[in-house]
Amino acid sequence: MTHANAFKNITKAPTRVQIKWIKAFVFLVCLIPLARLFWLGLADDLSANPIEFVERSTGFWALLILLFTLALTPIKLITGSVWQIQLRRMLGLFMFFYVCLHILTYVWLDYSFDWVDITKDIVKHPYVLVGFTAFILTIPLAVTSNDSMIKRLRGRWKKLHRLVYLIAILGVVHFWWLVKKDISEPLLYALILAVLFGIRLYYKKSSKNPI
Amino acid sequence: MIIQAKSDILSSEITPKVVFENRRDFIQQAGLGLFAASTAILSNPLSAAPLASGTTEGDGRLLGRANARAAFKPNDRRQKILGYTKTSYGAGEKLSPYDDITTYNNFYEFGTDKSEPVINAKLFESSPWTVSIEGEVKKNKTISIDEIFKLAPLEERIYRMRCVEGWSMVIPWVGLPLVQLIKWAEPNANAKYVEFISLADKQQMSGVNIPILDWPYTEGLRMDEAMHPLTIMAVGLYGEQLPNQNGAPMRLVVPWKYGFKGGKSIVKIRFTEKMPLTSWMKAGPSEYGFYANVNPKVEHPRWTQSSEKRIGTGLFAGRIKTQMFNGYTEQVGQMYAGLDLRKNF
């Protein structure tokens, strides 16, 4: 990869101990959105529509963390730095964590486990169907995220985990279709996603056809 | 004359009185809360920013100006409406909190997030205000908001409001039956529909600069709907003049229809022979119809319409069933006899 050389070694890779600290730090940062919801809940400050607030908030953080997860490889491609790849599993699992909270809020707080109404909502409303599909697809990725599964699945693991691209697209579409009229925000996430995908494609192409 | 009708609602339920009485003290906090809220929006735009409780009790003006005005004319804003009649409408309904009604608003002229209008409408000037009457009328004329206040005895109407997005509130409006205003307007025999046109002031309303809807916001009713005794032109809520974010100085309230039918800050009323094309009909013809009657049996492509979240009931209250015509079938059902409500959604 010729492009990478220019940027390589600008920053020193962190040591093993430093990585541990960085991981602990990222872990705590990823818990802030949850802590914030608890804090606001206790202060009775979750807006006039607290259920919608929690749904929106957990959905937002799931999407944002997913975008961060998908940014790790493009960072590697551009800068040559690889250490941040070690954060990928944790970020992916935090995305799954917030997706689960999102779904739990929906089936419990919003729909009080009324499975008939939930089924109707999923089937009849495209944005819910798309979001639900994305959720289902995250499950196999979370289940196969540990070392033993990586070993056991070998080559197939990588193929399976390519589902994350589809999940990201579905996540953005889910948000886009939910919005009534002002699509500026989902548009922003769609653009970020497009840029991240674009970087990957660009490097993939140029590595196949070296100049 | 003030006629006090019996009401089942405890006064303690209606108003956080302490807050009302001490509202001047809240102004300062409101300013700080506003800053906090706006930074919260910037840092996390997706989740509706929580508003500090102080913000919601602000009195409709920014700090300096409010204080300056207070020196000359105390209680200029959040002015109580004197001499309105209580009615039995909505007896037994638990009112949605004032804070929720005034901080959770769909008023796109002041921003598309429901937490934005309370902030962006602070400086909105709703006085003086005139409404022009035109179209199929004896003659075009205008009426000031002060004259509208005196046109007919004001009444308190406690109505359920169901938003097409699947949430609802119970709001104690103060207003006059729209029929009184229509009588004054003197429509001619050609008038079959009424069009309500909201203000679209680019200077005062930041949202109007963005072509999200076809501005000005336009809504409409069939003549019989407009003249129905349930239909009111609201000029206040909770016994006070309408807050800016709720559509000051006057807005339409049609309780058996989805909330978006209630045009806010109305400046023009036009009588027409043909069915008017409303802003939302133009924006999404498959989603928003002219009638927009609350109907749990007619699905919406986005939101569940068979149940709703009642605002103010908390995180664990779940949903309640949505009622046909928002529970006003007895009063309005006969107007739609023979009309296919699936087609005419």
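Predicted model: local features only at pLDDT ≥ 70, side-chain atom pairs only at ≥ 80, totals over all residues.
Local features require pLDDT of at least 70 and side-chain atom pairs pLDDT 80 or more, whereas totals for chains, interfaces and linings use all residues. Residues are numbered from 1 along each chain as its sequence is written, with chains lettered from A and ligands numbered from 1 in the order in which they are written.

Strand β6 of chain B spans residues 193-198 (strands are DSSP runs of E of at least two residues, and helices runs of H or I of at least four, numbered from the N terminus). Six of its six residues are buried (20 or more other C-beta atoms within 10 Å of the residue's own, with C-beta atoms placed from the backbone). Tyr193(B), Glu195(B) and Ile197(B) point one way from β6(B), and Val194(B), Phe196(B) and Ser198(B) the other way. β6(B) pairs (at least two DSSP bridges) in the antiparallel sense with β7(B), residues 218-222, over five bridges, and Glu195(B) stands opposite Gly220(B). Antiparallel pairing with β11(B), residues 266-272, involves six bridges; there, Val194(B) has Phe271(B) as its bridge partner.

Helix α4 of chain A comprises residues 88-110. Ser112(A), which follows α4(A), has a positive phi near 45°.

Note on methods. Buried ≥ 20, exposed ≤ 12 C-beta atoms within 10 Å, placed from the backbone. Expected span 1.5 Å × (residues − 1).
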